[in-house]
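Keep the picture in view and find each residue as you read.

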Amino acid sequence: MSDDTRRKILDAANAVFAERGYRASLDEIARRAGVAKQTVYHYFPSKDELFARAVETMGEGILVALSPLEGEALADTLTRFARTFRERVLAEPCIALHRLLVAEAPRFPELARTVYEAGVGETVRHLAALLARAMDEGQLRRDDPHFAAELLLGMLTSAERNRRLYEAHPPNGAPAEIAAHIVSLFLRAYHPEEPIQSTASPSPPRSTTP
């Protein structure tokens, strides 16, 4: 037995679970991995454990580092991040992971929360820290940086991910241009001037995410 065998089983489980959800059989996973079913049980004593480890593996790599390059303007940092984030989150493996977690979250709520916190949740925290520094430096108007981070991530992926989930037509325009346009709109919304206050919403909403 080897780490290579374990990786083959996890890779096969990723593919089969993404295609069939939790109803996928261990026999099919074993065939896809090219091993005996008993070998699967050697590494993963139950289907639940294999599913948990497979989903965690599928969630790896979602975190996008936000490290400004030396002398880089805020707009350039955010645009570089936006392009990378969209490439990863809108890629088919992450779309498959999203479908899988939505379908199986009632059965594995703790696992779903763990995958979120390790991926998107951590990205929100890194982005919020960057935006908070920009607000302190006067590059952005003062607001809740966590809410601003969630808003930007939603702008970057929400509508297009919905289209991909429903197999709808993608938007016109090159992905890099779309990312740059979204960042431009975000920066205009958070330009360091006093925003126009709505009488219906006298104060900005606060994030409800802990």
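Let's begin where two helices touch: Ile95, His98 and Arg99 of helix 6 meet Arg161, Arg164 and Leu165 of helix 8. This contact divides into 2 nonpolar, 1 polar and 3 charged residues. Bear in mind that the model is a predicted one.

How do the two helices lie relative to each other? Helix 6 and helix 8 pack at an angle of about 80 degrees. Angles from 65 to 115 degrees count as roughly perpendicular, and therefore helix 6 and helix 8 are roughly perpendicular to each other.

Here are the packing values for this pair and for two other pairs.

| Helix pair | Angle | Distance between axes |
|---|---|---|
| Helix 6 and helix 8 | about 80 degrees | 11 Å |
| Helix 7 and helix 8 | about 120 degrees | 8 Å |
| Helix 1 and helix 2 | about 130 degrees | 8 Å |

Helix 8 also packs against helix 7, with an angle of about 120 degrees. These two helices are therefore oblique to each other, and helix 7 passes helix 8 in a right-handed crossing. On the helix 7 side, the contact residues include Val120, Thr123, Val124 and Leu127. On the helix 8 side, Pro145, His146, Ala148 and Ala149 are among them. By class, this contact has 12 nonpolar, 2 polar and 1 charged residues.

Now look at helix 1 (residues 3-20) and helix 2 (residues 26-33). At about 130 degrees, helix 1 and helix 2 are therefore oblique, and helix 1 passes helix 2 in a right-handed crossing. Helix 1 brings residues such as Lys8, Ile9, Ala12 and Phe17 to the contact, while helix 2 brings Glu28, Ile29, Arg32 and Ala33. The residues here divide into 8 nonpolar, no polar and 5 charged.

Which residues lie nearest the centre of the largest pocket? They are Val89, His98, Tyr116, Val120 and Arg161, out of 20 residues that line the pocket. Helix 5 (74-89), helix 6 (92-104), helix 7 (109-136) and helix 8 (145-165) each give two or more residues to this lining. The pocket holds about 460 Å³ of space, and its lining divides into 13 nonpolar, 5 polar and 2 charged residues.

His98 and Arg161 take part in the contact between helix 6 and helix 8, and Val120 belongs to the contact between helix 7 and helix 8. His98, Arg161 and Val120 are also among the residues nearest the pocket centre.

Methods. Residues are numbered from 1 along each chain as its sequence is written. This is a predicted model: local features need pLDDT of at least 70, side-chain atom pairs count only at pLDDT 80 or more; totals for chains, interfaces and linings use all residues. Side-chain values use heavy atoms; hydrogens and water are left out. On a 1 Å grid over the protein atoms alone, a cavity is a set of points where a 1.4 Å probe fits but cannot get out, and a pocket is an open set with protein on both sides within 12 Å along at least five of seven lines; lining residues have an atom within 4 Å of a point. Grid points are joined across faces, edges and corners, and a volume is the space filled by probe spheres set on the points. Helices (H or I, at least four residues) and strands (E, at least two) are DSSP runs, numbered from the N terminus. Ala, Val, Leu, Ile, Met, Phe, Trp, Tyr, Cys and Pro count as nonpolar, Asp, Glu, Lys and Arg as charged, and the others, Gly among them, as polar. Axes are lines fitted to C-alpha atoms, for helices over the stretch in contact, and angles run from 0 to 180 degrees between N-to-C directions. Angles under 35 degrees count as roughly parallel, over 145 as roughly antiparallel, 65 to 115 as roughly perpendicular and the rest as oblique. A crossing is left-handed if the near helix is turned anticlockwise from the far one by less than a right angle, and right-handed if clockwise. Contact means heavy atoms within 4.5 Å.
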